[in-house]
Amino acid sequence: MVSYPMRTTSTHAHQLQKENMIMDIAIQNQIHGVIANITESSIVGIVCIDLKGNSLQSMLSMQSINQLNLKENIPITAYIPPATIIFSTTVQSAKAVAVTNRLRGKISAIHQGALYGLVSIDLIDGTTLTGSMTNATIRQTNLTIGQEIYALIKADDVILSTCP
């Protein structure tokens, strides 16, 4: 069993170091977990990540899986662009969408800008995800702090890295 810290980096820049290489990743949602399993086919594979209470799936080409040397039980970082997260306020509507990842949480913050806003949710395992939407959508859906909500994420929108 691999032990790993559950943390989400909320800063916009995250420095990764691997084999004397430094990469700066500018993305809000950086989620750390462990690869639970990999389902392979001839062209693509599905990487299932254990998030201590939730699971997250990423669809990658087999070439990427092999280049990253992905294996079960290794630590992995998932990057999810805020614009790719769809929010659903009911379990019925969450199940009506053809999407691989449905993560339940509660709204922890709502920040509105001139046109767009950011909605942050705390998942049941303590991970925070932030998605973006128009201010009009925030108003029309009557989103409020503490409200239960589902984050819907397509598997091919989950980017993986083996860097810590």
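A: A residue is called buried under 20% relative accessible area, exposed over 50%, and partly exposed in between, with a 1.4 Å probe and protein chains only as cover. By that rule, 42% of the 164 residues of the protein chain are buried. This is a predicted model, in which local features need pLDDT of at least 70 and side-chain atom pairs count only at pLDDT 80 or more, while totals for chains, interfaces and linings use all residues. Residues are numbered from 1 along each chain as its sequence is written, and side-chain values use heavy atoms, with hydrogens and water left out.

The structure holds two salt bridges, a term that requires a side-chain nitrogen of Lys or Arg within 4 Å of a carboxyl oxygen of Asp or Glu. Side chains of opposite charge can pair when their charged atoms come close.

One of the bridges joins E148 to R104, with an N to O distance of 3.9 Å. This pair connects distant parts of the chain: E148 belongs to strand β11 (residues 148-153) and R104 to strand β8 (residues 101-112), 44 residues apart. Helices (H or I, at least four residues) and strands (E, at least two) are DSSP runs numbered from the N terminus. E148 counts as partly exposed because its relative accessibility is 38%; R104 has 38% and is therefore partly exposed too.

The other bridge is formed by the side chains of D156 and K154, at 3.8 Å from N to O. D156 has a relative accessibility of 41%, so it is partly exposed. K154, with a relative accessible area of 41%, is also partly exposed.

The setting of these pairs is a protein chain with three helices and twelve strands.

The interior can be described through its nonpolar core, a set of buried Ala, Val, Leu, Ile, Met, Phe, Trp, Tyr and Cys residues joined through side-chain atoms within 4.5 Å. The largest such core has 30 residues, and V47, L70, I121, L129 and L160 touch the most other members. Beyond neighbours within four places in sequence, V47 contacts residues including I35, I38, L56, L60, I65, L70 and L160.

K52 is not a glycine, yet has a positive phi of about 55°; K52 sits in the loop between β4 and β5 (55-61) and is partly exposed because its relative accessible area is 48%. N142, also a residue other than glycine, has a positive phi near 55°. N142 lies in the loop between α3 (135-140) and β11, and its relative accessible area of 57% makes N142 exposed.

Confidence is given as pLDDT, the predictor's score for each residue from 0 to 100. The protein chain averages 85, and 84% of the residues score at least 70.

Technical notes: Contact means heavy atoms within 4.5 Å.
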